[in-house]
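Please keep the sequence and the model in view while reading, and look up each residue as it is named.

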Amino acid sequence: MNLPRSSGVLMHVTSLPSPFGIGDFGPQAYRFADWLAAAGQRVWQVLPLVPVGYGDSPYSSPSTFAGNPLLISPEGLRDDGLLDDADLDARPDFPEAAVDFEAVRAFKYGLLTRAFERFEAQAPEDARRAFDAFRQEHAAWLGDYALFMALREHHGEAAWTDWPAPLVRRDPDALAAARREHAEAARRHAFWQYLFDHQWSALHAYCAERGLRILGDLPIYVAHDSADTWGNPELFFLDDHGRPSVVAGVPPDYFSETGQRWGNPIYRWSVMRERDFRWWTQRLRRALALFDVVRLDHFRGFAAYWEIPAEEETAVHGRWVEAPGEAFFEHLRQTLGGLPLLAEDLGTIDDAVRGLMRRFGLPGMAVLQFAFGGDVTSDYLPHNFRRRLVAYTGTHDNDTFAGWWARETGTQEAEAAARERAFARRYLALGDDDAVHWAAIRALAASVADVAIVPVQDVLGLGSEARMNTPGSDRENWAWRLRPGQLTDAHGERLRALTRLYGRAEDPEPPV
């Protein structure tokens, strides 16, 4: 994939301002697109737009195909005649700076249910035909997802392995009975997906009109408690009760003596290959319909993955297992045509991973925060960047750049941290009065990397209180929000000046 020299901003939709407790596809999303365009940016990067799961994480979703209903704009539903002003005015007093997911779910699911009931009672025939066409177009995943969500509601949100045995093993008679019994609830969940697609498609088109491409995100694994696993158990290593026999993670490394045990079920790649990677092809086709470019999280797992016995509490006693990455991406190339994919190749990467990226022309990533712990040969230092690269000041899994700069360390870490910051100060030519986040943005913008991406928190120079996610922690993640008026035209003008100066805008700065 060839990437034009450009730059963009990482901000998840949930982080947008909104009077309804969570960012959505409403007016503020369009205003942010306008701000990006005015700032000379050409990429808006978002996190997965799927329904959130454990810990309110978009990386632990009940479906890799579905959209998050909480992102549906109530104003949009009102404009479509599915809600009234009184419905919107009845909202609670939500906090501005963070998402209270429990409160948001209680309010917005009520609105969405009301919208569904009004659609069923009042929708004109052309709207009903459009909904029926959507259900038919997405039948490969939507039927199982809608029934899964209806059954999960019916069983008090219990994991699918705790449902009655006939449903766990997907007995045809049990499924047929469930579809009859829960038809209305399943139709409601399907309708919410229709609303999601309608609103996102409109926003996506608006961005395209302003020269913005959407960079989306696709985790390599899916959650065990998901419609994906329940609907396709033969594609995963599961025991007779539907529970994983082996799980995903990464081995011990410099950052963790016990590695990371993620707990996701692992694919039966041999079965996937026998079926021409059909499920994965459908997954990528769906993602590429939603986004212009897709970041593949944990790309190294397509070359080889760390397999952990499910009974192990840590990732120590795992093993590397080869994955059919070459055959998989060749199939995708032949089936889908071009591969507008970005490989998340951070961490320990070997020659097999690099070879896979080279063969299929997939750009990788570099994170500036990782650059200063070594020496001048670090691949994350801008002078060592290459063209086929997307460079970041930080990602959703990092502290903000200002937070990283100011963080306190323990006694054992203090000397190393001091050396790291001293190196960064010299490298970024940072004066005593300079803002470190703008020095970092300038370093990225000036580099040879094709694309430079800056989290919106780094544009604002926010500290650790604005961090989006801390890996390994399940508290206070994914909730950060932009306050109304916090992102100003002045921020955009400064970003635009750097973007034009270093040739990343459509109208680069002319010579004097």
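Predicted model: local features only at pLDDT ≥ 70, side-chain atom pairs only at ≥ 80, totals over all residues.

Angles of 65 to 115 degrees between two axes count as roughly perpendicular, while angles under 35 count as roughly parallel, those over 145 as roughly antiparallel, and the rest as oblique.

**Helix H5 against helix H9**

- The axes of H5 and helix H9, which covers residues 183–209, lie 10 Å apart and form an angle of about 95°, and the two helices are therefore roughly perpendicular to each other.
- On the H5 side the contact is made by Ala-127, Arg-128, Ala-130, Phe-131, Asp-132, Phe-134 and Arg-135, and on the H9 side by Arg-187, Ala-190, Phe-191, Gln-193, Tyr-194 and Asp-197.
- Sorted by class, the residues of this contact between H5 and H9 comprise seven nonpolar, one polar and five charged.

**Helix H4 against helix H5**

- Helix H4 (residues 101–122) and helix H5 (residues 125–137) have axes that come within 9 Å and cross at roughly 120°, so H4 and H5 are oblique to each other.
- Here Phe-119, Glu-120, Ala-121 and Gln-122 of H4 meet Ala-127, Arg-128 and Phe-131 of H5, and the residues of this contact divide into four nonpolar, one polar and two charged.

**The largest cavity**

- The structure holds five cavities of 30 Å³ or more, and the largest cavity has a volume of about 220 Å³.
- Its lining is made up of 25 residues, among which Val-50, Ser-63, Thr-64, Leu-218 and Pro-219 lie nearest the centre of the cavity.
- Strand E3 (213–218) and helix H12 (278–290) each supply at least two residues of this lining, and the largest share, four residues, comes from H12.
- The lining of the largest cavity contains 16 nonpolar, five polar and four charged residues.

**The second largest cavity**

- By class, the lining of the second largest cavity consists of eight nonpolar, seven polar and three charged residues.

Definitions and conventions: Residues numbered from 1 in each chain as written. Heavy atoms only, no water. 1 Å grid on protein atoms, 1.4 Å probe; cavity = no way out; pocket = protein on both sides within 12 Å on 5 of 7 lines; lining within 4 Å. Points joined across faces, edges and corners; volume = space filled by probe spheres on them. Nonpolar A, V, L, I, M, F, W, Y, C, P; charged D, E, K, R; others polar. Axes fitted to C-alpha atoms, helices over the stretch in contact; angles between N-to-C directions. Contact = heavy atoms within 4.5 Å.
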